[in-house]
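Dear colleague,

I am handing over the structure below, together with notes on what was found in it. Please read the notes with the coordinates open beside them.

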Amino acid sequence: MSLSAKLKYKFMKDYGAPALMSLQGLKRRRSRPTPSAFGPPLESNARLKEILTRHYYLSRFVPGVKKVAWVTSGAPVELLRVFDFYTIYPENHSALVGAKKQGAEYCGIAEGDSFSQDLCSYARIDLGHMLSGKSPAGKLPKPDLLFCSNNICQTVLYWYKAISQELDIPLIHFDAPFVSDRQSEADIRYMAQQLQDMIPILEQVSGNVFYMSDLEAVLKRSQDSSRTWGNILKAMQAKPAPMTIFDAFGHLAPIVSLRGLPVAQDYYNILAEEIDDRVSKGIGAIRDEKYRLIWDNIAIWYKVRYLATFFAERKMNFVTATYTNAWAETIDHLNIKDPWNSMARTYGQIILNNNLKHRLGLMRRMIDDFSVDGMVMHSTRSCKPYSVGQYDLRKAISTSLNLPSVIIDADIADERVWSEQQIQTRLEAFCESLEDTNRG
Amino acid sequence: MADLFFGGIDVGSLSTEAVIINSEEQVLAEVVLITGVNGSEAAQKALNQALELAELAQSQIAALTSTGYGRASVPFATGKTTEISCHGVGAHHLFPSTGTVIDVGGQDSKVIQIDDRGHMLDFSMNDKCAAGTGRFLEVMADRLELELDELSNPAYITGPSTPISSTCTVFAESEVISLLAKDTPREQIVNGLQRSIVNRIWSMVVSIGIHGEVTITGGVAKNQGLIKVLEEKLGQKLNVPKNPQTVGALGAALIAKRHHSDSTST
Ligand SMILES: Nc1ncnc2c1ncn2[C@@H]1O[C@H](COP(=O)(O)OP(=O)(O)OP(=O)(O)O)[C@@H](O)[C@H]1O
Ligand code: SF4
Ligand SMILES: [Mg+2]
């Protein structure tokens, strides 16, 4: 490890990044005011932005100082933290590209290199980034290691394989058998063994040694932050809800990509405090909350603002979502005293690796707990594991709970998959039926 | 007290309709025009013609609801409602026992479930693709050098059909071209096309379910061939309004009347 790189990284961490953040603060104050349908914005937004900007900014100075790993959102990253990898989440980066409405551009680059349009847009954007070097975050550090798990989809494996071949770097895959009924002891053993087998290669790539006590500390932090995140989401049961799910899509970033690091825990403590304060004062995310909705599937990153405004203007607030819940749902399975088996339980049972019956039960509970009046399902072109079964789920939920619902076809990050006229008609019709149902 | 009048305007992707009703919910005038490139112009023109037919002035219209994809571009509307709700209300008015409405227009097709008051309970809508809509039939009719009216010709309904396997409009068109090149009789192709549309509509019907009587609205309801194929599949008769294109505008006028009495009675 070169001394100068190390010094530079340390300097940037302590002085460069904070200076940049204060500049950003100046810029932010001049940004547009919130439209009147919304309540006062969350003060934590500023801190969130700071953390994420700093994370991407510092990553430029990481090569030569720390080893870099690219990680999928559902992978047990805690293990990597023990070896002090600097982790980058391509999915998170792709969502950022999508939110900046640059998804089509990056996808186009990958498609030009003969990747299929049917490939998940997170993957296409990431490959587009790799091929062109472009990024709204400036520049991402090249990975030394790839770490993926098929507990979210099979796509990530092939996507990371492509990168692994291109860069000639090791790929570690955590194979999580799909839970079609319940996890078997054999499945748990199989997963736990894989995790332990990863240690030698992680030691080799990172140059650091594995200590059980380090893993325990990371797991503890990870569990604490996930629980805090879960409590923040739970606080949205309050009427009016202190934030909208569209806010939560943003505040999700640290639990996905900084999980297990102190910064994530610190951040969620701040956010939780603000949320609790809003609840106690009765401050709502939207000015006049009349209807409460549930969202299913990943965000439509290029239309978050449009959707937030569309619903806020109609006095409708999304108070819960299967997506934001995914990083809190299984955390209670984690047991610091039994790390390997409990990691297998935690990561093996996340929503996309679990069966539809489970999802149906979960959604029914959420609808009940959060006093939900209607449901919007985003059928996303990119993500088959999330979108398959939505029609059946909708039918089961609508008929048993008599809940107005709608399915819209869009994408997570490729803004070409959007037909505003059609979606607007569907959403308005949904709102009409919601109002009709409640008028009696 | 002077009688009250209500209007409904449906600015669709292909056609624009205006309907005027009185407080007894009787239809005084209905007009169908081509939307063309300017939706708001078409709306004004349709309203003017309807006013003329009803012998009314615009100021006599107490409330007017706009609907259809151009609903936002009707400046004189007092409210707007989606065509999904409007077709439900209109179909319920014409055929009160309707439980399921199938609206097949130029750009969209929808299957709507309504309750015994005409309120929409659930709906399904085609995805972005034009397959399964009137536009698909227009493209194909053009390719076959047929007028839309001719699709209802009995010769194109009975007899054998050639299956069209592509559900995509672009692919189906090239399929039709190659069938023509192979001298496949035109009536067999038309028959196949009608069936392919019905299959697309059918998947929506299945997802919403058949609830009592089924009413078909929208311009495609004028296509007798399609009606026949759909009825065969449904195993029951369809309610076909005399003027299927104006059902959305009629629903809009009825909703205008409802909103008006809601706002004046409170
Ligand atoms: N005489 C006819 N015979 C057969 N089909 C017809 C006839 N006239 C119109 N159509 C069909 O009706 C379709 C138009 O329907 P309609 O006027 O209800 O559409 P729209 O309301 O403008 O469209 P949308 O509701 O999708 O915006 C045409 O595409 C055509 O297929
Ligand atoms: S969006 Fe779906 S398909 Fe894409 S990486 Fe995530 S889980 Fe996989
Ligand atoms: Mg129409």
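Between them, chain B and chain A bury about 1,700 Å², of which 44% is on carbon and sulfur atoms; buried area here is the accessible area, taken with a 1.4 Å probe, that two parts lose on being put together, summed over both. Please keep in mind that this is a predicted model, in which local features need pLDDT of at least 70 and side-chain atom pairs count only at pLDDT 80 or more, while totals for chains, interfaces and linings use all residues. Residues are numbered from 1 along each chain as its sequence is written, chains are lettered from A and ligands numbered from 1 in the order in which they are written, and side-chain values use heavy atoms, with hydrogens and water left out.

The contact (heavy atoms within 4.5 Å) draws 21 residues from chain B and 20 residues from chain A. Three salt bridges are counted between the two chains, a salt bridge being a side-chain nitrogen of Lys or Arg within 4 Å of a carboxyl oxygen of Asp or Glu. In one of them, the side chains of A:Arg394 and B:Asp122 meet at 2.4 Å, N to O. On the chain B side, helix H2 (83-94), strand E8 (120-125) and helix H5 (186-208) each supply at least two of the residues that touch chain A, and the largest share, four residues, comes from E8(B). Helices (H or I, at least four residues) and strands (E, at least two) are DSSP runs, numbered from the N terminus.

Within chain A, strand E5 (residues 291-296) has six of its six residues buried, so it is largely enclosed by the rest of the structure; buried means under 20% relative accessible area, with a 1.4 Å probe and protein chains only. Both faces of E5(A) are covered, with A:Tyr291, A:Leu293 and A:Trp295 on one side and A:Arg292, A:Ile294 and A:Asp296 on the other. E5(A) pairs in the parallel sense with strand E6 (residues 316-321) of chain A over five bridges, where pairing requires that DSSP finds at least two bridges between the strands, and A:Tyr291 stands opposite A:Met316 in E6(A). E5(A) also pairs in the parallel sense with strand E7 (residues 374-380) of chain A, over four bridges, and there A:Asp296 stands opposite A:Met377.

Elsewhere in chain A, A:Ser94 lies in helix H4 (residues 90-99) and is buried, with a relative accessible area of 0%. Leaving aside neighbours within four places in sequence, A:Ser94 is in contact with A:Tyr122, A:Ile125, A:Asp126 and A:Ala413.

With best regards

Methods:
Buried < 20%, exposed > 50% of the residue type's maximum accessible area, 1.4 Å probe, protein only.
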